[in-house]
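Please open the model in your viewer and keep the sequence alongside.

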Amino acid sequence: MERIGKVEKTEAEWKKILTPEEFYILREKGTERAFSGEYNDHKESGVYRCAGCGLPLFAAEDKFDSGSGWPSYIRPIAPSHVREETDNSLLMRRTEVLCARCGGHQGHVFADGPPPTGLRYCINSASLNFVKTETAVFAGGCFWCMQPPYDKLEGVITTTVGYTGGNTENPDYESVTSGNTGHVEAVRIRFDPEKVSFKTLMAEFWRNINPTMREGQFADIGPQYRPVIFVQNEAQKAEALASREALNKSGRFDRPAAVDIEPAAAFYPAEDYHQSYYQKNPMRYEMYKRGSGRAGYLKRVWGDEGGP
Ligand SMILES: [Zn+2]
């Protein structure tokens with residue numbers, strides 16, 4: 001997901017797939033009239049994708065009511081998903097926001113937003129397409145290893161690695177690694193429930209961890225590596241309990257699953273360096289996954305069904 005390829009098309013090709021309004025905004029850097037766009041007042045839970053190429057650009061939880069008449073967000077869904085450029089048109093110096101994949105114009109970013117970022121991404125509705133999503137959060141030891149299996153699942157819109165379940169605010173890698181903050185390394189998955197079920201995400205979870213280890217995962221021992229299913233609601237809790245029960249009854253493991261099911265807590269995205277680590281540092285990632293014992297264990301337990 002992080003390896004953002006480029007989508008390049010000719011003007012004629014864009015005209016074929018975009019509506020005239022989308023073309024005007026995305027390709028001609030137009031602006032829709034204030035208060036006219038369909039997402040200005042929109043408050044559903046989900047993800048806004050580029051109307052040109054489908055790349056997820058903004059998340060509903062980062063949206064706020066700016067009163068400007070355009071959908072406004074405090075940050076992009078991931079720093080690498082947008083490109084920012086100086087725009088000196090209209091006798092103003094502004095910062096233009098573009099889709100990092102297709103270069104489609106989205107809007108501008110201003111330094112008058114609310115905390116914690118102080119930024120206001122002022123975006124056209126017509127350059128976005130909303131998709132309703134649900135969230136799942138799993139801790140399965142080192143978070144580098146928990147992102148690839150979900151990135152490849154159909155219906156997963158975005159994955160983010162981060163820290164959750166602890167008792168300090170805005171933890172960073174160093175403080176979590178000390179084992180004193182109570183946070184665990186985890187992956188947050190935003191998924192389209194019409195395309196992939198929470199049950200399928202659960203099955204993928206079991207196939208990528210050692211469910212009999214409570215005190216960590218593989219070579220990583222410590223409270224920050226304990227496996228946890230963080231449930232968002234009662235429905236997910238019921239599914240998680242049923243899934244753990246089914247795993248215990250399957251006879252695949254000689255001990256019952258030592259994985260806790262806990263209510264979801266604040267999730268703090270990890271430093272950019274850790275996001276999609278397997279794509280940024282493929283050699284080191286493969287060495288780590290083998291060296292930690294995870295790759296070999298999954299192969300033994302699951303054969304070709306295991307892991308990514
Ligand atoms: Zn795009």
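The stops below cover a metal site and then a sheet.

This is a predicted model, in which local features need pLDDT of at least 70, side-chain atom pairs count only at pLDDT 80 or more, and totals for chains, interfaces and linings use all residues. Residues are numbered from 1 along each chain as its sequence is written, and side-chain values use heavy atoms, with hydrogens and water left out.

Select the zinc ion first. Its protein donors are the SG atoms of Cys50, Cys53, Cys99 and Cys102, at 2.3 to 2.4 Å; donors are N, O and S atoms within 2.8 Å of the metal (3.2 Å for Na, K and Ca), and water is not among the atoms, so sites may look incomplete. The angles among the four donor atoms run from 100 to 117°, and the site is tetrahedral (four donors with all angles between 85 and 135 degrees). Along the sequence, the donor residues follow the spacing C-x2-C-x45-C-x2-C.

Next, select Cys53 and Cys102. Cys53 lies in the loop between strands S1 (46–50) and S2 (56–59), and Cys102 in the loop between S6 (94–99) and S7 (105–110), so the pair ties together parts 49 residues apart in sequence. Strands are DSSP runs (E, at least two residues), numbered from the N terminus. Cys53, at 18% relative accessibility, counts as buried, as does Cys102 at 5% (buried: under 20% relative accessible area, 1.4 Å probe, protein chains only).

Now display the sheet. Six strands form an open sheet in the order S3-S4-S8-S7-S6-S5, with antiparallel pairing (two strands pair if DSSP finds at least two bridges between them). Strands S3 (63–64) and S5 (82–87) stand at the edges, each with a single partner strand, so one side of each lacks a neighbour in the sheet.

Finally, select S7 and S8 (residues 120–123), which pair in the antiparallel sense over four bridges. Here His108 stands opposite Cys122 in S8.

Methods: Tetrahedral: all angles 85-135°; square planar, octahedral: opposite > 155°, others 65-115°. Buried < 20%, exposed > 50% of the residue type's maximum accessible area, 1.4 Å probe, protein only.
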